[in-house]
Amino acid sequence: MEAPLGERLAAFSAVVRAHALPFAEAYDHVVARVRSGEAGAAAPKPGDSMLAFPDRAGRVHRLDEMLPRGPVVVSFNRGHWCEYCAIELSALRQALGEIAATGATVVSIMPETREFIAKVAPGGKSFLVLSDENNGYALALNLVIWLGERVRALYLLHGIRLDLYQGNDGWFVPIPATFVVRRDGDIAARFVDPDFRRRMEHGDLRNPSHTQFFAELIA
């Protein structure tokens with residue numbers, strides 16, 4: 001739990017390969033497929049303007065209202081069921097105090113209904129976790145991929161019900177991307193990798209450049 005995020009994810013991947021090989025092989029297959037299709041290549045890049053959060057009835061969180069207070073970290077995750085996302089979110093919670101001290105806001109976005117979003121947003125000192133209905137926001141950012149029949153069958157066999165969690169039977173998920181948005185709405189940094197087993201290295205509180213990076217965005 002004290003190792004950098006990349007090491008935690010690599011260690012978990014090694015355990016999956018050693019003890020749950022069908023999952024490791026299915027993940028290799030889907031990653032190779034989406035890489036061959038250049039998934040995520042058209043996602044916004046540093047210097048581009050970040051799209052506003054979807055305008056829906058009952059929306060209470062707006063990107064343009066957060067930005068005047070400081071940078072916004074927007075992290076796309078697959079869902080409460082994803083172990084890799086859980087590892088990333090744990091690291092993000094560890095980094096939250098240092099990020100918040102700079103005035104930055106952290107938002108995680110998942111394509112699940114509010115019932116299941118609540119499983120990763122129990123309240124207390126944490127960050128926002130927002131529901132992206134039918135992957136609408138992720139689609140607008142060119143981040144959505146189809147898991148495929150091989151992964152779908154394996155997940156159903158082990159009780160992972162994306163149709164229940166998302167409220168539809170599409171079996172689409174976002175690439176777990178992270179964007180750091182400046183106060184002017186432009187993207188300062190991003191991490192987009194079709195291999196969901198990799199994430200932006202933001203959870204290492206011992207990194208002395210971590211605070212400086214956000215401080216420079218606020219200035």
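This report describes the confidence, the first helix and the open sheet of a predicted model.

## Confidence

The mean pLDDT of the protein is 88, with 86% of its residues reaching 70 or more. Among the elements, strand β5 (residues 172-174) has the highest mean pLDDT, at 98, whereas helix α9 (residues 209-218) has the lowest, at 56. Over residues 204-208 the pLDDT falls below 50, and this stretch has eight contacts in the model beyond near neighbours in sequence. Where pLDDT is low, the predicted coordinates should not be read in detail.

## Helix α1

Helix α1 has 15 residues, 5-19, and its first and last C-alpha atoms lie 21 Å apart, close to the 21 Å expected at 1.5 Å a residue. Its buried residues are Leu 5, Arg 8, Leu 9, Ser 13 and Val 16; because they cover an arc of only 135 degrees around the axis, they fall on the same side of α1.

The cover over these buried residues includes α2 (21-36) and α4 (83-100), while the face of α1 turned away from the buried side carries the exposed residues Ala 18 and His 19.

## The open sheet

Five strands, in the order β3-β2-β1-β6-β7, form an open sheet with mixed pairing. At its edges are β3 (128-131) and β7 (187-191), each of which pairs on one side only, and the twist from one strand to the next averages 20 degrees.

Within the sheet, β1 (residues 72-76) and β6 (residues 178-181) are paired in the antiparallel sense over four bridges, and Val 73 stands opposite Val 180 in β6. Helix α4 packs on the sheet, where it touches β1, β2 (105-110) and β6, and its direction makes about 160 degrees with that of β2.

Conventions
Residues are numbered from 1 along each chain as its sequence is written. This is a predicted model: local features need pLDDT of at least 70, side-chain atom pairs count only at pLDDT 80 or more; totals for chains, interfaces and linings use all residues. Side-chain values use heavy atoms; hydrogens and water are left out. Helices (H or I, at least four residues) and strands (E, at least two) are DSSP runs, numbered from the N terminus. The expected span of a helix is 1.5 Å times one less than its number of residues. Buried means under 20% relative accessible area, exposed over 50%, partly exposed in between (1.4 Å probe, protein chains only). The arc is that of the directions from the helix axis to the C-beta atoms. Contact means heavy atoms within 4.5 Å. pLDDT is the predictor's confidence in each residue, from 0 to 100. Two strands pair if DSSP finds at least two bridges between them. Axes are lines fitted to C-alpha atoms, for helices over the stretch in contact, and angles run from 0 to 180 degrees between N-to-C directions.
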